[in-house]
Amino acid sequence: MGADPEVTLGATLAADLARADGAASAGFLAGSSYARVARAPVGHSWSVALVGGDASARASLLEAAAVHVAANGGGRLVWWAAGATDLDDKAAAAAGFAAAREQHQLRVRLPIAGDAHFPAQVHVRTFEATHDVDAWLAVNNAAFEGHAEQGGWTRATLAGRLAEPWFDPALFLIAEDANGIAGFNWLKIHEHEPDRPGEIYAIGVAPGRQGQGLGRALAIEGLHRLSRRQITVGMLYVAADNTAALSLYRSLGFITHRTDRAYEREVAS
Ligand SMILES: CC(C)(COP(=O)(O)OP(=O)(O)OC[C@H]1O[C@@H](n2cnc3c(N)ncnc32)[C@H](O)[C@@H]1OP(=O)(O)O)[C@@H](O)C(=O)NCCC(=O)NCCS
């Protein structure tokens with residue numbers, strides 16, 4: 001399948017491209033719909049984001065993204081469709097993508113009831129970039145082993161996130177005891193979205209410390225800190241097959257707001 005000739009590089013994307021890391025990202029337009037393809041910071045993969053368009057325009061944009069990836073070394077191309085519908089299934093199939101996994105966006109009204117009860121000897125502080133980087137990476141990569149987006153982080157991956165404009169060290173909670181970091185809850189406030197939701201961006205407990213109440217305490221503590229910032233909507237994304245985390249979040253009052261679906265295609269060089 002070749003790229004639709006009507007899918008053209010848009011002049012409006014000049015600013016995007018000026019910021020782009022060479023061929024590591026590109027933008028495409030099909031009528032009034034838009035795609036942006038970018039090399040993922042972790043692993044040999046790419047992501048494509050789409051805005052607007054019917055199934056046919058979306059299929060064309062996905063194909064254009066695949067052509068870009070093929071021309072730049074190939075790899076796995078992932079499209080996350082927010083609130084995926086049958087039309088997204090159709091567009092993905094037409095462009096040679098297969099549904100691979102789902103995640104739910106959950107939300108809860110804040111404040112939630114109840115206090116955070118941490119296991120004995122555990123105390124909570126905030127992340128300190130001067131000495132937490134390697135210890136945090138070890139806990140994160142162990143907790144999220146095999147996870148496509150949150151696993152396998154390097155110092156560079158973390159440095160990139162810490163440099164994001166939304167990053168607030170006061171909202172990156174570290175739980176530790178005499179043995180070091182036992183878990184974390186990293187929060188992100190979406191200042192520019194309606195409702196100004198506060199997200200549990202990444203929460204994890206070291207594998208040897210799971211099942212002892214630490215994840216629940218970290219989640220509650222984080223949500224209370226968001227409430228103290230006048231945030232009234234708590235939000236997070238969770239893989240649809242992560243039964244332990246889903247059970248925790250449901251017990252805190254989170255309900256499903258939206259379900260997103262990842263479609264993937266292996267693109268040869
Ligand atoms: C999800 C996670 C943070 C929970 O932390 P934890 O310290 O293990 O959880 P807790 O001991 O506080 O248990 C809290 C609740 O989680 C649920 N839960 C925990 N382990 C579970 C398991 N193995 N099976 C089912 N539910 C489980 C239960 O609802 C539990 O409540 P309960 O003890 O009243 O039954 C932790 O398992 C983890 O780090 N997982 C890997 C990373 C991850 O998936 N993060 C979440 C991404 S959205």
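This is a predicted model: local features need pLDDT of at least 70, side-chain atom pairs count only at pLDDT 80 or more; totals for chains, interfaces and linings use all residues.
We have 11 strands in an open sheet, and the order goes E1-E2-E3-E4-E11-E5-E10-E9-E8-E7-E6, with mixed pairing. Strand E1, residues 25-30, and strand E6, residues 123-126, sit at the edges; each has a single partner strand, so one side of each has no neighbour in the sheet. On average, neighbouring strands are turned by 25° against each other, direction ignored.

Now look at E7, residues 172-177. Six bridges join E7 to E8, and the two run antiparallel. If you want a pair to click on, Phe172 has Trp186 in E8 as its bridge partner. Then there's H6, which packs on the sheet and touches E6, E7, E8, E9 and strand E10, with its direction at about 35° to that of E8.

On to H4, residues 133-143. That one lies across E8 and E9, running at about 85° to E8. Which residues of H4 are buried? Trp136, Val139, Asn140 and Ala143. They span an arc of only 100° around the axis, which puts them on the same side of H4. And what do they pack against? Strands E8 and E9.

Last stop, the ligand. There are 20 residues around it, and Gln210, Gly215, Arg216, Ala244 and Leu248 come nearest. E9, H6 and H7 are the elements giving two or more residues to that shell. H7 gives the most, with six. By class, the shell has nine nonpolar, 10 polar and one charged residues.

Conventions. Residues are numbered from 1 along each chain as its sequence is written. A residue is buried if 20 or more other C-beta atoms lie within 10 Å of its own, exposed if 12 or fewer, and partly exposed in between; C-beta atoms are placed from the backbone. Helices (H or I, at least four residues) and strands (E, at least two) are DSSP runs, numbered from the N terminus. The arc is that of the directions from the helix axis to the C-beta atoms. Two residues are in contact if their C-beta atoms, placed from the backbone, lie within 7 Å. A residue is near a molecule or strand if its C-beta atom, placed from the backbone, lies within 6 Å of it. Ala, Val, Leu, Ile, Met, Phe, Trp, Tyr, Cys and Pro count as nonpolar, Asp, Glu, Lys and Arg as charged, and the others, Gly among them, as polar. Two strands pair if DSSP finds at least two bridges between them. Axes are lines fitted to C-alpha atoms, for helices over the stretch in contact, and angles run from 0 to 180 degrees between N-to-C directions.
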